[in-house]
Amino acid sequence: MIVSTDASDDVIENCAMPHGDPAAAVRAVDRLLGARRPDPSSAADLVRLARIYGTEPFTPLSEAARVLGADRERLTGLVALFREIPQLRRAAENGPAGKYWHNTVLPLERSGRLDAVVTSTPAFPSSVGFYPGPTCMFRCHFCVRVTGARYDPADLVPGNEMFASVIDELPTDNPHLAYLSGGLEPLTNPGVGDLVARAGARGFALTTYTNAFALTDQTLARQPGLWDLHAVRTSLYGLDDAEYEATTGKKNAFSRVRDNLKRFQRLRAERESPVRLGLSYLVLPGRSGRLVELAALIAELNEAAPARPLDFLNVREDYSSRPDGALPPAERAELQDTLLAFDERIAQVAPTLDVDYGYALESVRMGVDARLLRIVPETMRPGAHPQVSVQIDLRGDVYLYREAGFPDLPGATRYIAGTVGPRTSLHDVVERFVTSGSVVTPVAGDENLMDGFDQAVTARLNQIETDLADGWGAARGFLR
Ligand code: SF4
């Protein structure tokens with residue numbers, strides 16, 4: 001490991017940023033290499049690698065070699081050297097696309113699950129989504145859900161028994177292994193509190209994704225197990241009743257969600273409950289200017305319980321591949337200023353709020369107009385990645401992608417890896433799917449069944465396989 005505590009470390013660590021100084025970084029890296037410098041242009045090429053992988057993390061090594069004009073032996077040596085210099089690693093990890101490294105790629109590399117996928121080795125998934133909701137009270141215009149489709153109420157009792165059995169088989173080495181989401185709305189399942197309590201008793205810190213329409217006093221009184229949640233992550237669909245109605249089709253829904261959240265704020269403060277509360281906000285076309293109102297809502301929610309302010313906020317672009325989901329160019333051009341103004345406002349009204357802008361918006365915030373990563377049917381993986389993540393619905397069906405677990409969704413049943421039941425565990429389903437070599441041939445539209453996480457995982461796996469096929473061996477994937 002080549003380590004220094006020189007002031008020039010900052011110059012290196014910022015070299016992939018738009019405001020970075022690559023020339024100064026090259027000089028600093030050259031000094032750092034000293035006698036270990038393989039050749040006169042090594043420092044310049046190491047900085048170029050930091051800039052390539054800090055911006056385009058899924059670049060195959062053969063492409064990086066082509067850009068650098070390096071042969072295989074030289075690039076292999078540079079990758080090995082790069083991995084030894086923490087300042088350069090940080091430069092790539094903190095670059096405009098750094099969220100991919102931090103949030104997804106490096107944790108999965110450490111878990112060994114990416115290697116399990118590329119070697120077709122069964123492994124318990126490192127992320128398990130429970131989709132317990134039998135229905136949803138909203139009809140969001142961007143949601144892939146089929147209007148009117150819902151689970152049979154008769155599925156509830158056996159479904160909750162099935163979820164309980166999966167909770168009991170989860171390995172306990174990762175408290176954040178499982179989460180509740182949908183599919184449909186988790187809080188429409190009257191047994192979800194018991195499932196949370198059961199998971200909590202085994203040491204799992206469950207987060208639920210919810211629209212919070214049913215996060216009422218009555219729900220909390222009927223389902224006290226909900227207080228064992230680690231976090232409640234509320235998806236917001238607008239910032240006033242009219243916006244909510246336009247997005248969800250439901251009247252007065254914003255007022256109800258806002259009031260529910262305020263009450264929840266007060267209740268968790270009174271109970272001194274550690275449950276975290278956060279918001280998830282999708283920047284829909286035409287609505288980026290509304291971030292000012294989002295800051296106002298956060299301030300209002302914090303006033304309800306000043307000693308327990310909101311814990312986190314996730315701001316995202318629409319990851320669905322719908323053509324009308326992307327922000328128009330003019331709005332995108334203003335987005336960096338909009339996000340920086342929002343940052344300033346949040347620093348004033350909610351200084352402890354943990355704000356996460358996700359893969360693409362973080363790049364925009366740094367001044368790089370990064371497009372959302374787009375996997376298309378041709379780049380989808382027929383074997384998917386069940387060792388990385390799976391999602392289970394009320395019927396026990398195990399879905400390979402996060403947006404596939406909706407009842408009656410056309411084509412989605414092709415992405416069921418198997419079904420958990422009285423004699424079939426989740427472990428069995430994944431093992432059988434992987435060892436049998438099962439595949440799904442993607443067709444147009446299937447990419448809509450993937451969320452941003454699925455797309456990032458797919459891009460990484462494709463990159464690893466390309467690198468291995470090109471003979472890069474241990475250098476594959478650049479950073480691990
Ligand atoms: S996006 Fe969520 S809240 Fe909206 S309709 Fe779909 S499941 Fe319901």
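## A walk through the predicted model

Ala212 sits in the loop that links strand E3 (207-210) to helix H11 (217-222); helices (H or I, at least four residues) and strands (E, at least two) are DSSP runs, numbered from the N terminus. This is a predicted model, in which local features need pLDDT of at least 70 and side-chain atom pairs count only at pLDDT 80 or more, while totals for chains, interfaces and linings use all residues. Residues are numbered from 1 along each chain as its sequence is written, and side-chain values use heavy atoms, with hydrogens and water left out.

Let us stay with the backbone for a moment. Most residues other than glycine have a negative phi, and most peptide bonds are trans.

| Residue | Phi | Relative accessibility |
|---|---|---|
| Ala212 | near 65° | 0%, buried |
| Asn252 | near 55° | 51%, exposed |

Here buried means under 20% relative accessible area, exposed over 50%, and partly exposed in between (1.4 Å probe, protein chains only). Asn252 belongs to the loop between H12 and helix H13 (253-270). The peptide bond from Gly182 to Gly183 is cis, with omega near 15°, and Gly183 is part of the loop between strand E2 (178-180) and helix H10 (192-201).

UniProt, in an unreviewed entry, places "domain: Radical SAM core" at residues 132-283; its positions follow the numbering used here, feature names are shortened, and annotations may be inferred rather than shown by experiment.

Which residues does Thr247 touch beyond its neighbours within four places in sequence? They are Arg139, Cys140, His141, Phe142, Tyr237, Leu284 and Arg287, where contact means heavy atoms within 4.5 Å. Thr247 is in helix H12 (residues 241-248) and counts as buried because its relative accessibility is 1%. Between Thr247 and Leu284 there are 37 residues in sequence and 9.8 Å in space, C-alpha to C-alpha.

On the scale of the chain, the domain assignment gives domain 1 (9-95) and domain 2 (114-377), with bounds from an automatic or database domain assignment. Their centres, taken over C-alpha atoms, are 37 Å apart. Five residues of domain 1 are in contact with four residues of domain 2.
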